[in-house]
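Keep the sequence and the 3D view at hand as you read.

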Amino acid sequence: MVELRENEHKTLRIIEKLGGKASVQRIMKESGLPDAAIMRAALTLQEKNLAKILAKNQTIIRLNIEGKLHEKNGLPERRLIRALTKLGGKASITKAVENAELEKQFVPIALGWLVRKKWATIDTKTNMIQLLEKPVKEEADEKLLGFLKRKGMIEGKQVIVEDLSSELQPAVKILKRRKLLDVNEKTNRVIEITQAGWKTIRKGIRVINEVTQLTPELIITGKWRKTELTRFDVTTKGPMVYPAKTHPVQQIIQNVKEIFAEMGFTEIRGPIVETAFWNFDALFQPQDHPAREMHDTFYLKYPKTGRLPKKSIVKKVAETHQNGWKTGSRGWQYSWSPKVAKKLVFRTHTTATTIRYLAEHKKPPVKVFSVDRVYRNEKMDYKSLAEFHQIEGIIMDKNVTLRDLIGTLKEFYVRLGLKKVRFWPSYFPYTEPSAQSTVYIPELKKWFELCGMGLFRPEVLAPLDIKNPVLAWGGGLERLIMLKLGIDDIRFMYKNDLNWIRRTPTCQ
Ligand code: PHE
């Protein structure tokens, strides 16, 4: 004889009583059992081939506030057409709207649908509406609205899309697009007794009284010896639990900041909206430098300009650009304009932040870093974003050299887990010598550029009255993250793809 636990037996009997097939909700009502208990019982019944669980997806629709309003008054285009008909089939928009007593927000909707449904034409020159079709036929959307109206009075205002007629079903899309419906998806589970189940019922079932929990009473009285204890399968997997965690990008930012701190650096931050002066001019980038062009830099529309620093600095920067001032350079040989320097931009690199900081911290040693957002007018694709992060650092001290810079960066990358790093000569308008670091990723068998670096030129340092050498470097953070996490599309990091965020392990 088949053995069933109490809940399984109860569930089976209720389904039997209900004709062999019943929804979980219905069984809940009849049995008083919570739905988890019914589902557990149903799973066992299914395992024993006595019942089948059928899952049916249901889309439940309900009119929202605006929908209810239209249900009462008719769709806006219907109201307008009624008024127009009364006006003889032709009238000015204003007149028709007035007669229809149409609320202002529904006017464009009504006009749009009138034309779309080919009920009327609008002459945009004379602002007259003319009726096209007579009588104006009810379309599916209005039929559905009417259906919901009738249903609403009987059945608590909720309708299952799958149960609608094939004429009405497509109209759901239209009313949904018109934002007149609240839509909810639900899985409805139905349990059905199988042939084997019926046979078992006929043959008889032995109900076993199982105990899921040992109580003190069971132990004291010794009854536990005779009770059957529910078996638990301790090898089944528990449900996945995703505890709250920091976004992977934020984790790596945190990681980078910690490494800098361990290496003796202090974090600095600067404004996102910068003057061109700090973003470009103070870095000896000529005012006709291509990077300043509209296609690369975001310029602010309002306010358009910001304030320049004190005159003595501006004057020295201007002269350095024009003729080299006292730096021994010839400068760029053009007429420097304070107007151009005053323009406000979204900083294009965080070197604007470090140079700003240096202007106010001239005494060695200085060891600071920044991990912050920068902006460039780039088309978004798999490798570029218009808003991204840069890692930037400077060291100012007596007698520091390019070797110190390379050593510091090597150490930084090793701590980040990147061992094979190489340095190449490069060019930046504000450093001399300049270099570029690359890292080898064995999995991809490729070298990737990491960051630019160099010693700030005298043309940058002298106008700010800085007497000691300054090592500077900066580069994109997203590239580093892509390499670390093995992502090949930069946009992925900011897509808020929950599955990816959950899957990506926490980095230490
Ligand atoms: N600012 C440069 C960039 O955006 C990087 C850099 C920083 C180069 C400091 C040299 C020194 O690519």
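**Around the ligand**

A nitrogen atom of the ligand sits 2.8 Å from a polar side-chain atom of tyrosine 430. Contacts of this kind are called polar contacts here, meaning a pair of N or O atoms within 3.5 Å; within protein, one atom must be able to donate a hydrogen and the other to accept it, and residues adjacent in sequence count only if both atoms are side-chain atoms. Before going further, please note that this is a predicted model, in which local features need pLDDT of at least 70 and side-chain atom pairs count only at pLDDT 80 or more, while totals for chains, interfaces and linings use all residues. Residues are numbered from 1 along each chain as its sequence is written, and side-chain values use heavy atoms, with hydrogens and water left out.

In threonine 351, an N or O atom of the side chain is 2.9 Å from a nitrogen atom of the ligand, and glutamine 390 places a polar side-chain atom 3.0 Å from a ligand oxygen atom. How much of the ligand's accessible area does the protein cover? On its own the ligand has 330 Å² of accessible area, and the protein covers 90% of this; such areas come from the Shrake-Rupley method with a 1.4 Å probe, and for residues only the protein chains shown count as cover.

Which elements give two or more residues to the shell around the ligand? They are strand S16 (387-396), strand S19 (446-456) and strand S20 (470-476), and S20 gives the most, with 3 residues. Helices (H or I, at least four residues) and strands (E, at least two) are DSSP runs, numbered from the N terminus. There are 13 residues around the ligand, and His349, Thr351, Arg376, Gln390 and Tyr430 come nearest; a residue is near if one of its heavy atoms lies within 4 Å of the ligand. By type, the shell divides into 5 nonpolar, 6 polar and 2 charged residues. In this count Ala, Val, Leu, Ile, Met, Phe, Trp, Tyr, Cys and Pro are nonpolar, Asp, Glu, Lys and Arg are charged, and the others, Gly among them, are polar.

Thr351 also leads us to a helix, as it is one of the buried residues of H16. Helix H16 (residues 351-360) is mostly covered, with 7 of its 10 residues buried. Buried means under 20% relative accessible area, exposed over 50%, and partly exposed in between (1.4 Å probe, protein chains only). The cover over the buried residues of H16 includes strand S13 (273-275), H13, S16, S19, helix H18 (458-461) and S20.

From H13 we can move on to a loop. Aspartate 281 is found between helix H13 (276-279) and helix H14 (311-323). Is aspartate 281 buried or exposed? Its relative accessible area is 1%, so aspartate 281 is buried. Its side chain makes a polar contact of 2.8 Å with the side chain of tryptophan 336. Leaving out residues up to four places away in sequence, aspartate 281 touches Ala276, Gln287, Arg292, Val317, His321, Trp336 and Ala341, where contact means heavy atoms within 4.5 Å. The loop between H13 and H14 also holds proline 303, and the peptide bond from tyrosine 302 to proline 303 is cis, with omega near -10°. Another cis peptide bond joins glutamate 432 and proline 433, with omega about -5°; proline 433 lies in strand S18 (residues 431-441).

Now step back to the whole chain. The domain assignment gives domain 1 (2-59 + 187-229), domain 2 (65-183) and domain 3 (251-503); such bounds come from an automatic or database domain assignment. Between the C-alpha centres of domain 1 and domain 3 there are 67 Å. Lysine 237 is found in the loop between strand S11 (228-229) and helix H12 (248-262), and this lysine is exposed, with a relative accessible area of 81%.

Helix H5 (residues 76-86) is largely enclosed by the rest of the structure, because 8 of its 11 residues are buried. After H5 comes glycine 88, whose phi is positive, near 95°. Asparagine 399 has a positive phi of about 60° although it is not a glycine. Asparagine 399 is found in the loop between S16 and helix H17 (402-416), and counts as exposed at 67% relative accessibility.
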